[in-house]
Structures are given as C-alpha cells and as structure tokens.
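Thanks for coming, everyone. I have one structure to walk through today. Please bring it up on your screens.

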Amino acid sequence: MCKDLAPGQCIDLFHANLSEWVIKATPDLNNDGKPDLVLQNRRTGAIATWLIENLALGRCDIQWQGGDTNWEVISTPDLNGDGKADLLLQNAVTGQIFYWAMNGISITKTGFLFGNTLTGWTVIK
Ligand SMILES: [Ca+2]
Ligand SMILES: [Ca+2]
C-alpha cells in the first residue's frame, strides 16, 4: 500500500475529505528532531503519516486503507530504539495491541505486542 506520495499529491489526497482526518500524534518519524504527523480517518480507520519539512508539508503515505474503525493509533513510542517513532495500535473491542516499526513514512516491521484478547485494558496515551 505504500505510495510515498510527493507533497503536492498529499495535499490533493487529503483535501478531498480533510474533515474526516484527525491528527492522532505528532511524533518524529524520521529522526530529524522535528515532529511529523500521524493521521487517522474517523470514517474508515485509515492511517496516514506525513512528514513536516521546513515548516511545510513534505512526503506522505497512506499506511493502511482502513475498513475496521476499531483499530486506533494510541501511542508513538520508539519501540526499537533507532531514534524514529513507531506506531502502536489498539483494537477497541478486543484490546489487542499491534505495532508498526517505522522508518520515516515506511513501515519496516509489524506484529502483535499483545495478540490475545485484552478486554478492559487500554494503553495510557
Ligand atoms: Ca521529523
Ligand atoms: Ca523506532
């Protein structure tokens, strides 16, 4: 699904339905010392990342097209210690916790941190 869109393409992509997208977090995805954007579509659950470069919108990517709104980006810790933020998602129904290891706007690895049902528990934001 990675498209690695140029800034102009990103603006076209988000402009069509900008009101559906919510900024979930502003982690430093590419370790340049500056925050970037993690957005989630409230209608579809789709997840996108968008680099900020020189106070302007840079490259972006739709990481997941969505289709299950139970999955929510809940935190963006650096899980593997490479200096780049990663994404933690939690399923609101099952409580399962899933990670995406990130290199900028590219996903390098994914997996469950906790794949069993974890009803009633949420990761503190
Ligand atoms: Ca950055
Ligand atoms: Ca990392």
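A residue is buried if 20 or more other C-beta atoms lie within 10 Å of its own, exposed if 12 or fewer, and partly exposed in between, with C-beta atoms placed from the backbone.

Now the ground rules. This is a predicted model: local features need pLDDT of at least 70, side-chain atom pairs count only at pLDDT 80 or more, and totals for chains, interfaces and linings use all residues. Residues are numbered from 1 along each chain as its sequence is written, while chains are lettered from A and ligands numbered from 1 in the order in which they are written.

First, the overall picture. The protein chain has 1 helix and 8 strands. Helices (H or I, at least four residues) and strands (E, at least two) are DSSP runs, numbered from the N terminus. In sequence order the pattern is α-β-β-β-β-β-β-β-β.

What about the overall dimensions? The C-alpha trace spans about 40 × 35 × 25 Å along its principal axes. The radius of gyration is 14 Å, which agrees with the value near 14 Å for a compact globule of 125 residues. That radius is taken over C-alpha atoms, and the globule rule is 2.2 Å times the number of residues to the power 0.38. Of the 125 residues, 30% count as buried.

Two strands pair if DSSP finds at least two bridges between them. Strand β2, residues 37-41, pairs with β3 in the antiparallel sense over 4 bridges. In that pairing L39 stands opposite A48 of β3. The β2–β3 hairpin has 5 residues between its strands, and there G45 takes a positive phi near 85 degrees.

β3 then pairs with β4, again antiparallel, over 6 bridges. I52 has L57 in β4 as its bridge partner. Strand β3 is largely enclosed by the rest of the structure, because 5 of its 7 residues are buried.

Which residues sit in the loop between β3 (47-53) and β4 (56-64)? N54 is one of them, and L55 lies in the loop between these strands too. The β3–β4 hairpin has 2 residues between the strands. N54 has phi near 55 degrees, a positive value in a residue other than glycine. L55 is not a glycine either, and its phi is positive at about 60 degrees. Buried or exposed? N54 counts as exposed, because it has 6 C-beta neighbours inside 10 Å. L55 is exposed, with 6 other C-beta atoms within 10 Å.

Back to L57, in strand β4. L57 counts as partly exposed, because it has 16 C-beta neighbours inside 10 Å. Which residues does L57 touch? Not counting residues up to four places away in sequence, they are P7, C10, I11, W50 and I52. Contact here means C-beta atoms, placed from the backbone, within 7 Å. P7 is 50 residues from L57 in sequence, yet 6.2 Å away in space, C-alpha to C-alpha.

Last, the other strands. An open sheet of 4 strands runs in the order β5-β6-β7-β8, with antiparallel pairing. Its edge strands are β5 (71-75) and β8 (106-114), each pairing on one side only. Strand β7, residues 97-103, is joined to β8 by 7 bridges. M102 has I107 in β8 as its bridge partner.

That's my tour. Over to you.

Conventions:
Two residues are in contact if their C-beta atoms, placed from the backbone, lie within 7 Å.
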